[in-house]
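Please look over the sequence and the structure below before reading on.

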Amino acid sequence: MVAQKITIEPVTRIEGHAKVTIRMKDDGQVDHAYFHVNEFRGFEKFCEGRMVFEMPLITPRICGICPVSHHLASAKAGDEVLGAPPPRPASLLRELMHMGQIVQSHGMHFFELAGPDLLLGFDADPAIRNVVGLLQANPELTVKAVNLRKWGQEIIRILGGRRVHPNFAIPGGVNKALTQTERDTILSGYDEALATTMAALEIMYGWAEANAEDINKFAVLKSGYFGLVKPGNTLELYDGQVRLTDSDGKELEKFDPRNYLDYIAEHVESWSYLKFPYYKKMGYPQGVYRVGPLGRCNTSDKMATPLADAELKKFKQLNGGKPVENTLHYHTARLVETVYAIENVKVLLNDPDILSNDVLNTCRDPKPYGVGVVEAPRGTLIHHYWMNENQQIEKVNLIVSSGHNNWVMSEAVDSVAKSYIKGPDVTEGMLNRVEAAIRAHDPCLSCSTHAVGQMPIQLEIRDSKDQLVKTITRD
Amino acid sequence: MKTLIFGYGNADREDDGVSWHILHEVMKRNRLEVSDELDIETYDEARQVQYVFQLQLTPEIADDLKDYDRVCFIDAHTGAVPEEVHVEQVSKGFQKSPFTHHLTPSSLLSIAETLHQKIPETILVSVRGYEFGFSQSLSPKTASLVGKAADIIMQWLEQEDSPAAGRIS
């Protein structure tokens, strides 16, 4: 048999697409699989010359999935560069919005993106292996999942005026206080949101037990782990220090995220526009790490809320107290975090300062640059601005969450392809598993444009001379 | 008859935001106030038409569809269809994106029917985009298509009392 190259690629090749290339050996085994990102990152240039205060409104438009994360990271960078630390009530309110974002994003990912694979099976008919199939199989659960996302979206809308591009966080604080009525409205959805998420966790653990072979075979990778923590290595999603641990869970670094450039560098590969961040001291690729739910649950020793903390302890037992390395347990970690986010909503709403009108610091002490970091649903998000004397942006550096995970997504695809693809007859279920390896990381790849974000899959089988043998297009 | 006209795309990414410009044109022709705000949620009470512009289609929109008798989605395309201004009846049918959070009008109808056992008459007006840089203006080629798309939507709106209301003849 001639060595073959199988390419999974969207039909449109304008920027923003991810492509998977699977290169086959002569004996039909997979030689290597690559995950390419063709995303053109022009957003930083677009921001040059803008006023700093505009950035929390501009940067959310980078992303259609997690605009709130950009909104908050941008406001934090603005706080720094304008020398305007927000009053405590404003930080509480920003964190509240952030929890809404975590709940809606994680909830949607588990039920609408990953859930159908897990609950209906990787090999299920594609016609039903989607949220509609899930609705038909378990209508009550799916309706609750829709309500979970709605609750998260409603928190964002109440605070920011709208669900998708809120206008709320500004350098120095936020532009409105929370009313008692709004607080009570949010709290009224708490019990159902928590119950739905706990039910989802039970489903996930049940699935993991029934599919132990898949869990233990599917992209089990060694890497470092990276995420924000509070003192005591408690998971933190809004504001904390970065903790980086190695593949055995040993702490490598703990640092102020403002100093990220002292610790992280970015490697460039010829076959991808997206760079590969890594821990400088270990070099590339030894210093690669994972972010997002699995990264955070592995770098944290505890959660600040009781149910989530109990779930984290249970999660850590999946690998006897060592870092959990199974890619499919990203889904479990995602749900553990959702429990924390929901419980934290209640903690925040019960804080005596949450209804305060002291929400904006208008003093200014400008600096030449500032860094804002949050834990977006997908992982650590960094906004770094350099400003001139007119308070205009001179330069921007953004490291988006999925950028950190670039290496691990590629490795996950390689691992899954080698585990499941044997020979030239590639089934739909095998392809779905390769996609699931990427989907587990919930990547944020060019949702910035709708038109080029439509991604039907095209599979190309090529021989060792790169001649096209066969094309398969997936809708 | 309640109508929803829903445009989506990123208005900061040149032609990806063409539906925002089309919505503006249709609203102006119906003598509704428009502004430079990138998010649109305007209700024309006299004609019972809701105008919405959002960055993306999201699952909760499926729940909202139950409130309408007919829906017109507007978006940009990159040449996947031959016509520069393409109009089609939308049928239900879930399409999954492997990598991103991405929904289509067909997928929304599919979810809507499963949730509420009914779906509105739905069309999609899709306009060719040529440039997707970082700008709120349209490329000249796409800008020239806005009027034609607005004509089609106005004609569709006027088909209120016909038995095939909502269908493009």
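In which loop of chain A is A:Q391 found? In this predicted model, A:Q391 sits in the loop between β14 (379-387) and β15 (393-399) of chain A. A:Q391 counts as partly exposed because it has 16 C-beta neighbours inside 10 Å. A:N233 also has a positive phi, of about 55°, although it is not a glycine, and it lies in the loop between β6 (224-230) and β7 (234-235) of chain A. With 18 other C-beta atoms within 10 Å, A:N233 is partly exposed. Another loop of chain A, the one between β11 (276-279) and β12 (289-290), holds A:P285, which is joined to A:Y284 by a cis peptide bond with an omega of about 5°.

The largest nonpolar core has 120 residues, of which A:I155 and A:V413 touch the most other members. Helix α4 (residues 88-120) of chain A supplies the largest share of this core, 13 residues, and the core draws at least three residues from each of domain 1 (4-39 + 406-474) and domain 2 (44-359 + 400-404) of chain A. Around A:V413, leaving aside neighbours within four places in sequence, the contacts are A:V20, A:A33, A:F35, A:V434, A:A437 and A:I438. Apart from this core lies another, of 44 residues, which includes B:I40, B:A62, B:Y68 and B:C72. As a general background, nonpolar side chains tend to be buried together in soluble globular proteins.

Chain B, in turn, has 5 helices and 6 strands, which follow one another along the sequence in the pattern β-α-β-β-α-β-β-α-β-α-α. Of its 169 residues, 51% are buried, and among contacts in chain B between residues at least 6 apart in sequence, 70% join residues at least 24 apart.

The helix α5 (residues 146-158) of chain B has 13 residues and reaches 18 Å from its first C-alpha to its last, close to the 18 Å expected. Its buried residues are B:V146, B:A149, B:A150, B:I152, B:I153, B:W156 and B:L157. Seen down the axis of α5(B), these buried residues fall within an arc of 160°, and therefore they line one face of the helix. On the other side, B:Q155 and B:E158 are exposed.

A contrasting place in chain B is B:S35, which lies in the loop between α1 (18-29) and β2 (40-44) and counts as exposed because it has 8 C-beta neighbours inside 10 Å. The C-alpha atoms of B:S35 and B:H24, 11 residues apart along the chain, are separated by 8.5 Å.

Finally, some words on confidence. The predictor gives the complex an ipTM of 0.77 and a pTM of 0.87. Chain B has a mean pLDDT of 87, with 89% of its residues reaching 70 or more, but over residues 161-169 of chain B pLDDT stays under 50. Where pLDDT is low, the predicted coordinates should not be read in detail.

Definitions and conventions
Residues numbered from 1 in each chain as written. Chains lettered and ligands numbered in written order. Predicted model: local features only at pLDDT ≥ 70, side-chain atom pairs only at ≥ 80, totals over all residues. Helix = DSSP H or I, 4+ residues; strand = E, 2+ residues; numbered from the N terminus. Expected span 1.5 Å × (residues − 1). Buried ≥ 20, exposed ≤ 12 C-beta atoms within 10 Å, placed from the backbone. Arc of directions from axis to C-beta. pLDDT = per-residue confidence, 0-100. Contact = placed C-beta atoms within 7 Å. Core = buried A, V, L, I, M, F, W, Y, C linked by C-beta atoms within 7 Å. Domains from an automatic or database assignment.
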